[in-house]
Amino acid sequence: MFRRMNHDAYADAYIRGILNTVRTIAMVGFSPKENRPSYFVFKYLLERGYRVIPVNPGQAGKIALGQKIYAKLSDIPGRIDMVDLFRASENVLPIVKEALSLEPKPRVVWMQLTVRNDEAARLAEEAGIKVVMNRCPKIEYGRLSSEISWMGVNSRTLSSKRAQTFGTGVQRMRLGTAGDKGNNS
């Protein structure tokens, strides 16, 4: 039986479960401009090992960070696990309807910060698709993997000690399970 979800608050386990299981993300509303939020999220998720497919009809056929840009979801070959929507709330419903027509259907519809469309969420959930609204997967990944906290951001801890690194470059964390309590080793 279909049970409506509370989209005003998500359990960490729900978000973690999504981020731990999806591998291919179609980002609708991607911008190739390096100063746009969609570009930051796109690059971040690629660096975390996700396959991210940019979707933007005005940029279709071009390449961004090694990934071909598609005009619409139905143009993408292969399975899409998650549709990440960087579109205005009023423009989400037709995209979700397109996602519902795909075979196989995506497992998740994720609406970015400030994006909320309850009708689109209802349709997706009735089709058995998980929905997240008004959240950013980059922020949620960083929060749940402690990437945000390890630098002292929002940790309520100030320290002069250098953070432990695990090699060179940007520190890579992983999402733990609900029982890890931040242990990312």
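Strand 1 (residues 24-28) and strand 2 run parallel and are joined by 5 bridges, a pairing that belongs to a predicted model. Within this pair, T24 has R51 of strand 2 as its bridge partner. Between the two strands the chain passes through helix 2 (residues 37-47), and the β-α-β crossover made in this way is right-handed.

Strands of a sheet pair through backbone hydrogen bonds, either parallel or antiparallel. Here 5 strands form an open sheet with parallel pairing, in the order 2-1-5-6-7. Strand 2 (51-55) and strand 7 (130-132) are the edge strands, each of them pairing on one side only, and from one strand to the next the twist averages 20 degrees. Further along the order, strand 5 (residues 82-85) pairs with strand 6 (residues 108-111) in the parallel sense over 4 bridges, where M82 stands opposite V108 of strand 6.

Two packed helices are described by the angle between their axes and the distance between the axes. Helix 1 (residues 12-21) packs with helix 5 (residues 137-145) at an angle of about 110 degrees, their axes lying 10 Å apart; because angles of 65 to 115 degrees count as roughly perpendicular, helix 1 is roughly perpendicular to helix 5. Helix 1 contributes D12, I15, R16 and L19 to the contact, while helix 5 contributes P137, E140, Y141, R143 and L144. The residues of this contact divide into 5 nonpolar and 4 charged, with no polar ones.

Technical notes: Residues are numbered from 1 along each chain as its sequence is written. This is a predicted model: local features need pLDDT of at least 70, side-chain atom pairs count only at pLDDT 80 or more; totals for chains, interfaces and linings use all residues. Side-chain values use heavy atoms; hydrogens and water are left out. Axes are lines fitted to C-alpha atoms, for helices over the stretch in contact, and angles run from 0 to 180 degrees between N-to-C directions. Angles under 35 degrees count as roughly parallel, over 145 as roughly antiparallel, 65 to 115 as roughly perpendicular and the rest as oblique. Contact means heavy atoms within 4.5 Å. Ala, Val, Leu, Ile, Met, Phe, Trp, Tyr, Cys and Pro count as nonpolar, Asp, Glu, Lys and Arg as charged, and the others, Gly among them, as polar. Two strands pair if DSSP finds at least two bridges between them. A crossover is right-handed if, with the strands pointing away from the viewer, the path from the first strand over the helix to the second runs clockwise.
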